[in-house]
Amino acid sequence: MHSPQPRSSSGNKSSPESLRRIAEAIDLKDVPETAPGLTLVPVAPGRFHANWHLETAIIKEGCRIFGLQPEETRLVLRAYEFSEDERIYQAAQSWEDFPITGLVNRGYFNLEAESPFIGGALGLLNSHGHFRPLLRAESISLPVAPSIAKEPIAIDDEAGEHQFFPEVFDENSILARLPVLEGLPEELLSLPVTLSASPELKPYFEEVLDEPTIHLAAVSGKISDPQYYVSQILPAQAASQIPPASISSAPDKPEQLSDQKQPSSHKPSPPGSSERLASQSSEVWNNMAPIYLRAELVFNGIVAPGFKVRLNGVQLGLLPGRQFKIVRKINQFVDIWPFFSTIDDQLEQISLSSGFKIKNNEEQVIINVSICIEGRINDRSYLKHMPKSVKIDSEGRFTLDRQLSDGDALLPGLLVEADA
Amino acid sequence: MNSARNVSLLLHAHLPYGLRTEVPFSLEEAWLHEATIDCYVPLLYVFGSLPAGKLPPIAVSLSPTLIEMWEHPAFPERFEAHLRRGINLFENEAADPTLPAPRRALASNYAQSWESILKDFRSKFQGKLLGAWTQLAQLGKVELLTTATTHAFLPAHQNATSRKLQIELGVERFTRLTGIEPKGFWLPECAYYLGLERDLETIGIEWFSVENMGESSLTRCPNKLLAISRHSYLSRKVWDARSGYPGNVDYREFHRDAIKELSHEKAGLFRLENGDSLPLGMKYWRVSGQEDKDWYDPAQAVEQARQDAHDFIRELEEEATDPITFLPFDAELFGHWWFEGPVWIKEILHLASSAQSLHLGTPTEILADAPEIHVGRPKPSTWGHQSDYSFWVNHETDWIYPLLQQADRQLAELLNNQPKQESTLYGRAIGQLTRELLLAQASDWPFMIRAGATANYARERIQRHLARFHYLAEQIAQGNIDQEALAGLEELDPILPDLTIERLIHS
C-alpha cells in the first residue's frame with residue numbers, strides 16, 4: 001500500500017532549536033566510500049574521467065581464473081569508442097588501453113580520436129595482449145570541439161599576445177627566447193640526432209645542468225600503520241625510470257588547484273553568475289618558451305574511519321566519503337619533462353606487481369598519485385620532440401594525464417594518526 | 001515571418017536552494033535577498049511596465065529551487081525583516097554626520113529604494129514573487145520557462161536514474177505553482193550531451209538552449225525538439241569582463257560592500273563570529289578603473305546604461321542573423337552583478353520595439369514561424385570554458401560524481417525493491433532521501449568549488465545532503481525510521497513538497 005500523503009502534513013513545525021539539533025546529529029556523519037565499480041564522466045573532446053573501486057579479491061580471482069602472473073599482467077582501463085550510443089561493447093569501432101594504478105583510484109584519460117561515445121572496462125592485460133575485463137562502465141557521450149575555433153577570451157595581460165606557428169620561421173627570435181629554457185633536462189639534451197640538426201640551438205647545449213630534484217620522501221600506494229610518517233617508511237624509488245617529482249616547499253594548506261585567473265575587478269562570487277565566470281576562465285600561457293609545460297601532482301586519498309591525516313602539522317579537512325585531495329603545482333620544466341617525455345612507454349612500465357601492491361583491504365590510508373601536464377608548443381621546430389601519444393590542438397595546446405606508481409612522487413610531512 | 005531580424009533575449013534566474021529557517025540568518029539567505037532586491041524585483045518592474053496584450057518580447061527561466069524559496073511560507077516574513085534591517089542601516093548611515101556627503105546621499109537613496117520595495121512587496125506583490133512573475137506571463141509580458149529540478153549538471157548524470165527526476169520534477173512543480181506548461185527548457189549551464197533530447201521530449205517542451213558551436217543557430221533534433229544556440233559575439237558584448245558593458249567605469253562597483261567596514265555593533269546579523277561579513281549591498285562606489293574608487297553617481301550610471309543600450313541596438317542591427325539571434329544570460333547579471341542592467345534591458349526593450357529592422361520575441365513565437373531547419377543533433381557542449389564540461393568536472397570536483405552515482409544507484413535499488421506493505425513513513429523517507437540526492441546534484445557546488453571563493457561552503461553542502469541521504473537510506477534498510485528526524489529533514493530541505501513514492505516509481 002502506497003503512501004497517501006507526500007510528507008508530514010501535521011502542521012506542527014519544529015522549533016529552530018530542534019531543527020538545528022537534528023541537522024547537527026546527521027550532517028557530520030560519514031558518507032560511505034564508493035562501492036566496487038567503474039564509472040566514467042565526460043570532460044572534454046576526447047577526454048574523460050574514470051573512477052574505479054576494485055577489490056583485491058577480484059584481481060586475485062581474475063589472475064587465478066585466467067592463469068595470469070602479476071609480473072606479466074597489467075591492469076588497464078580499456079576505453080571503447082562508438083559512433084552511436086551503444087551498450088554492446090562488441091559494436092565498438094575501436095578501443096584504447098590506458099595503464100592504471102591503484103585499486104581505489106581515479107584519473108583522466110585522453111583518447112586519440114574524439115569519439116562521440118565511449119564505454120569502458122577495467123581489466124587484466126597479459127603479455128600476449130589478451131584482455132580480461134573485471135569491471136564495466138556504462139557508456140557516455142563526450143563533448144566535441146566547436147566547428148570553428150572560438151576567439152580567445154579574457155586572456156590575462158601577463159600572457160601577452162601570442163602567435164602560434166608564425167608564417168615566417170624566425171631563427172633569431174628563437175635564439176632570443178632560448179634562455180627561457182634554463183634547466184633543460186638531460187633527456188632533452190640526449191636527443192642530439194634531432195636537435196643537433198638545428199645549428200641555432202647549439203649555444204644552449206653548453207649549459208651545465210644541476211641535479212633536477214632532491215628526493216625527500218615518497219608517497220603512493222597504501223600505508224597500513226597509524227602514526228606513520230611517510231618520509232621515513234617509503235623511500236623514494238630512485239632506481240625508477242622516472243625520477244620522483246619533489247615538493248620542496250609544501251604549504252600548510254593544500255593549494256587551490258585552479259589556475260583560473262579572474263580579472264581583479266571580477267572575482268569569483270556566489271551563485272547567479274555561472275555563465276559569466278565559467279565562460280571566462282582565462283588561460284595564461286607563457287609564449288616565450290618554445291615548449292611551455294606546467295603540471296599538477298594530484299594526490300587522491302581515502303582515510304579509514306578512526307584516522308586523520310596531517311600535512312606539515314595541519315589536519316586535512318576530509319571530503320565526503322572520507323576522501324582527501326592534495327594538489328601541488330609544478331612549474332619547473334625540468335621537473336615535468338621526465339614525466340612528459342616517457343609517456344609513450346607508460347603502458348609497459350606498470351605491471352600488477354610493480355604498479356601497486358596487492359594487499360588486503362585493511363589499509364588505514366590509500367593514496368594514489370597522478371600528474372596532469374598541460375602545455376603549449378610555440379615553435380614548430382620542437383614538434384619532433386613531442387611524445388607520439390600527445391595530441392596537439394589547433395592552438396598548439398596539449399594535455400596529458402599519467403597515473404604514477406609507488407615512489408614516483410614525493411610529499412613530505414604527511415602524517416596519519418588515530419583519532420584520540 | 002516579417003523581414004525584420006528575429007532577436008530573442010532570455011534571462012535565466014537561478015539560485016541553489018538555501019532558505020534556512022533554523023538559523024536567524026545565513027549566507028544563502030543573504031544571497032537570496034540580495035539578488036531579489038537588486039535583480040528579481042527590479043526586473044519585475046521593468047517587465048511590468050511593458051504594454052499588456054501583445055506577444056511577450058522576452059523569455060525568463062525561473063529555476064525550481066529559486067521558486068521553492070519564494071514559495072516557502074517563511075520567505076515573506078524573512079524578506080521583510082531583511083529589508084527592514086537594511087533600511088535601518090542605510091538610514092543610520094544617511095544620518096551619520098561623520099560620513100562623507102556622497103555616501104550619506106547614496107545611503108538615503110538606498111533607504112528610499114528599499115522602502116519602496118518593501119511597500120510593493122507587501123501590497124503590489126502581496127508577498128508572492130512567483131505570483132507576480134506568473135501574472136506578467138498571463139498578461140503576455142514575458143514567457144516563463146524553467147530548468148532542471150535542482151540545476152544538476154546533466155552530462156555528469158547521463159546514466160543516472162535521477163536524471164529524469166531532474167528534468168521532470170522541476171517542470172511539474174513549476175507547472176503546479178504557475179499553471180504554465182513551459183514550451184522551452186533551460187539546460188543548466190547550457191550543458192547538452194547526445195541523447196539528452198530524448199529525456200526532454202517527455203516534458204512536452206518544444207525547444208531548449210545550447211552553446212554556439214560554430215554551426216547554425218537552430219537544429220531540429222530527430223525527435224522534433226529544437227536546439228537554439230546563442231550568438232557568441234553579441235552575448236560577449238554584455239557579459240565579458242574586459243570588453244562587456246558592465247565594466248564601464250561609471251557603473252556601480254560590485255565587489256566593495258561597505259557592510260564589511262562597519263563595526264560589529266552596527267553590522268549586527270551581517271557580521272559573522274569569525275569576523276567575516278554577509279553581503280548586504282551597501283555599495284557606494286563606481287568601478288572607477290582604479291584601486292581608489294570614486295563615489296557612485298546614479299544619474300551618470302543610468303545615462304551610461306542608456307548609451308550602452310543604444311550601442312547594443314546598433315550592434316544587433318549589424319550582427320543579428322537569421323533565423324534567430326538568441327541571447328540568453330544569467331538573470332542575476334542584470335541588477336546583481338551589473339547594477340544598471342535593468343535600466344539597460346528596459347532601454348533595449350524600448351528601442352527594439354521601434355527599430356524597423358529588429359523583431360524582439362521569444363523562441364516559442366519566432367520558431368513557430370521558422371523556415372526549414374537543419375535536422376541533426378547539437379554538439380555536446382556547455383557555455384563554460386572552451387565549451388566543454390571541464391569547469392564542472394576537474395581535479396577539484398571529480399570526487400563528487402562517484403558519490404552521487406553511488407547514491408543514485410541506492411535510490412534505484414530502493415525504488416525497485418520496496419516492501420509490499422510499505423508505510424506512509426517509508427514513502428516519506430524515500431521522498432526525502434530523493435530530495436537530498438537532488439539537492440546534492442546541483443551544478444552550483446562544483447561550480448563554486450572550481451571558482452574558488454565559496455568552495456568550502458559548496459563542499460559542506462554536498463556533505464550535508466549526502467549525509468542526510470545515507471542517514472535515511474540506513475534507516476530504511478533497517479526498517480527503523482526516526483519519525484522526528486524525518487520530519488525535521490522535511491522542514492530543513494522542503495523542496496518538492498508534493499513528491500510521492502508513486503511519482504518516483506513512475507519515473
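This is a predicted model: local features need pLDDT of at least 70, side-chain atom pairs count only at pLDDT 80 or more; totals for chains, interfaces and linings use all residues.
User: How do strands of a sheet pair?

Analyst: They pair through backbone hydrogen bonds, in either the parallel or the antiparallel sense. In chain A, 3 strands make an open sheet with the order 1-2-5, and the pairing is antiparallel.

User: Which strands of chain A stand at the edges of the sheet, and why is one side of each left without a neighbour?

Analyst: The edges are strand 1 (37-44) and strand 5 (104-110) of chain A; each has a single partner strand, so one side of each lacks a neighbour in the sheet. From one strand to the next, the twist averages 20 degrees.

User: Over how many bridges do strand 2 and strand 5 of chain A pair?

Analyst: Strand 2 (residues 47-53) and strand 5 of chain A are antiparallel over 7 bridges. A:Ala50 has A:Gly107 in strand 5 of chain A as its bridge partner.

User: Which helix packs on that sheet?

Analyst: Helix 13 (residues 400-416) of chain B does, touching strand 1 and strand 2 of chain A.

User: How many residues lie between strand 6 and strand 7 of chain A in their hairpin?

Analyst: There are 5 residues between them, and A:Gly129 in the turn has a positive phi of about 85 degrees. Strand 6 (residues 117-125) and strand 7 (residues 131-141) of chain A pair in the antiparallel sense over 8 bridges; A:Gly123 is bridged to A:Pro133 in strand 7.

User: What describes two packed helices?

Analyst: The angle between their axes and the distance between the axes. In chain B, the axes of helix 14 (residues 424-440) and helix 17 (residues 483-492) come within 10 Å and cross at roughly 40 degrees. That makes helix 14 of chain B oblique to helix 17 of chain B, and the crossing is left-handed.

User: Which residues make the contact?

Analyst: Helix 14 of chain B contributes B:Leu425, B:Arg428, B:Ala429 and B:Gln432, and helix 17 of chain B contributes B:Gln483, B:Leu486, B:Leu489 and B:Glu490. They divide into 4 nonpolar, 2 polar and 2 charged residues.

How values were computed
Residues are numbered from 1 along each chain as its sequence is written. Chains are lettered from A and ligands numbered from 1 in the order in which they are written. Two strands pair if DSSP finds at least two bridges between them. Helices (H or I, at least four residues) and strands (E, at least two) are DSSP runs, numbered from the N terminus. Axes are lines fitted to C-alpha atoms, for helices over the stretch in contact, and angles run from 0 to 180 degrees between N-to-C directions. Two residues are in contact if their C-beta atoms, placed from the backbone, lie within 7 Å. Angles under 35 degrees count as roughly parallel, over 145 as roughly antiparallel, 65 to 115 as roughly perpendicular and the rest as oblique. A crossing is left-handed if the near helix is turned anticlockwise from the far one by less than a right angle, and right-handed if clockwise. Ala, Val, Leu, Ile, Met, Phe, Trp, Tyr, Cys and Pro count as nonpolar, Asp, Glu, Lys and Arg as charged, and the others, Gly among them, as polar.
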